[in-house]
Protein chains: 2
Amino acid sequence: MSRVSEDSGTAAKETTTERIPAALRREQILAAASRVFGERGYSGATTDQVAQAAGISQPYVVRMFGTKENLFLEVVARALDKLMTTFRETLAEHRPADDGDDADPLITRLGAAYVDLIDDRGILLSLMQAFITGHDPVIGAKAREGFLQIYRMLRDEAGFSPETIRDFLANGMLFNTLLAIRLPDIFEDDEAAEELMRCAFRGKLDVVLDASGVTWTRS
Amino acid sequence: MSRVSEDSGTAAKETTTERIPAALRREQILAAASRVFGERGYSGATTDQVAQAAGISQPYVVRMFGTKENLFLEVVARALDKLMTTFRETLAEHRPADDGDDADPLITRLGAAYVDLIDDRGILLSLMQAFITGHDPVIGAKAREGFLQIYRMLRDEAGFSPETIRDFLANGMLFNTLLAIRLPDIFEDDEAAEELMRCAFRGKLDVVLDASGVTWTRS
DNA sequence: TCATTTTGTAATCATTCGATTACATCATTC
DNA sequence: GAATGATGTAATCGAATGATTACAAAATGA
């Protein structure tokens, strides 16, 4: 559905850099940074890689965000915000209808909403990268805070039990994200990978594969 | 039970470096590297940090393993080997006894064996770090290969279905590892973190907290 | 039109880090 | 007890990288 960059092709470099309002350029950089950080992690990514992905020079990136750390923190904050918003929307549109049994239980719809986020690629990966950079005092604190923010929302707003949340986080989020990171690269190249991914994503498999940019033949 | 370094206190620096056979020194470096890489990731860790953790000079580390990449690859290979061995031992000691229903089902024992590995700290974290460094052509390939190796073992040797494996990997491994990475740092400091961890680890909670070196008051 | 602001880059600096070199010190063996 | 090899480090190099500076050029507005 919603792709990150609209004009100028798939994602990467522009040949001639046009003058664009700072606010818009800021969005472009954040979108590029989301992909690059999600892919390579905080310390693995360089400001120059972000700049190239945004079709802009490296000093511009640094000057607009002050430091690489600031840029990463804003990427993570936005990713978290997007995730929370998506979940809250799913909660809201679930409320009015029913009481009793669900044709489509809430947790299933939350899971589907989460998998849809893979379409944007950088969002979930950046969150994961932030969490795994937990040793850093600043980034780590933000990451843990965000993780628990999700937990509290699922508990207090969705009304789930700790056990249910645990299951949802493990099966619906972490597992899917980690699989979506790299296993698509060897899809149809390794029978075990294909088997596991088909089992994990089921109907949403095409979304995952499409988002990862892998070419594959529909079964 | 088994700690990484035996003599010279908890883990880190030695004041006077003694002459030690290369083979033994190699083990010390690998143990230190496992902790450092697990904590900070491949690109986040430096050879000097590994050297200091091993109580040795940085050039020695580089010369013994050639490159930082080689060192990391060997850390990951050993971690994977340890994990596979642990699982196979659990499988073996399960076989002879029963046929019919299990007092302690195999998957529960595998899960317990996995959580016990947290005691060593670096093992599971290094594997996780390797998998998240999937963009690197060499490291990524090894990580995916290792991940699928585990999958195949659970399928072919333990006889689990893809669905069962999916559940085991998500709940038993990924989730526990990610929680064990950083949430212990804020255990008893955040009610949500404490609640989630108590739910996730149950009887093994003390193992996780002990392994992370967090001081906490027993409930 | 010309001054000012906004948008952008080239050049470069300072630091970090993996790697190399050259050398020291201890152990072993003939 | 020199010769030889094994174990270890200090010094340093070169490349990578985040950050800074100084400048260019396009827009904006008087």
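The legends below describe close-up views of a predicted model. Residues are numbered from 1 along each chain as its sequence is written, chains are lettered from A and ligands numbered from 1 in the order in which they are written. Because the model is predicted, local features need pLDDT of at least 70 and side-chain atom pairs count only at pLDDT 80 or more, while totals for chains, interfaces and linings use all residues; side-chain values use heavy atoms, with hydrogens and water left out.

View 1. Sugar and phosphate make up 59% of the atoms of DNA strand D that come within 4 Å of the protein. At least two residues of the surface near DNA strand D are supplied by each of α3 (58–65) of chain A, α1 (22–40) of chain B and α3 (58–65) of chain B, helices being DSSP runs of H or I with at least four residues, numbered from the N terminus. The most is given by α3(B), with 3 residues. The surface near DNA strand D divides into 8 nonpolar, 6 polar and 6 charged residues; Ala, Val, Leu, Ile, Met, Phe, Trp, Tyr, Cys and Pro count as nonpolar, Asp, Glu, Lys and Arg as charged, and the others, Gly among them, as polar.

**View 2. Surroundings of DNA strand C.** From chain A, an N or O atom in the side chain of A:Y60 is 2.9 Å from a phosphate oxygen of DNA strand C. From chain B, the corresponding distance is 2.8 Å for an N or O atom in the side chain of B:T47, and 3.4 Å for a polar backbone atom of B:A45. The surface near DNA strand C takes at least two residues from each of α1 (22–40) and α3 of chain A and α3 of chain B, and α3(A) gives the most, with 3 residues. By class, this surface has 8 nonpolar, 6 polar and 6 charged residues.

**View 3. The largest cavity.** The structure holds 3 cavities of 30 Å³ or more, a cavity being a set of points, on a 1 Å grid over the protein atoms alone, where a 1.4 Å probe fits but cannot get out, with lining residues having an atom within 4 Å of a point. About 240 Å³ of space lies in the largest cavity, its volume being the space filled by probe spheres set on the points, which are joined across faces, edges and corners. Its lining comprises 18 residues, and B:L127, B:M128, B:F131, B:F147 and B:I150 lie nearest its centre. In chain B, α4 (68–92), α6 (122–132), α7 (137–157) and α8 (162–182) each supply at least two residues of this lining, which by class has 15 nonpolar, 2 polar and 1 charged residues.

**View 4. The second largest cavity.** About 50 Å³ of space lies in the second largest cavity, which is lined by B:I118, B:R121, B:L124, B:L125, B:T177 and B:A180. Two or more residues of this lining come from each of α6 and α8 of chain B. By class, the lining has 4 nonpolar, 1 polar and 1 charged residues.

View 5. B:N171 lies in helix α8 of chain B and is buried, with a relative accessible area of 11%; buried means under 20%, exposed over 50% and partly exposed in between, for a 1.4 Å probe and protein chains only. The side chain of B:N171 makes a polar contact with the side chain of A:D167 at 3.5 Å, a polar contact being a pair of N or O atoms within 3.5 Å, of which, within protein, one must be able to donate a hydrogen and the other to accept it, and residues adjacent in sequence count only if both atoms are side-chain atoms. Leaving aside neighbours within four places in sequence, B:N171 is in contact with A:R166, A:D167, A:A170, A:N171 and B:N176, contact meaning heavy atoms within 4.5 Å.

Note on methods
1 Å grid on protein atoms, 1.4 Å probe; cavity = no way out; pocket = protein on both sides within 12 Å on 5 of 7 lines; lining within 4 Å. Near = heavy atom within 4 Å.
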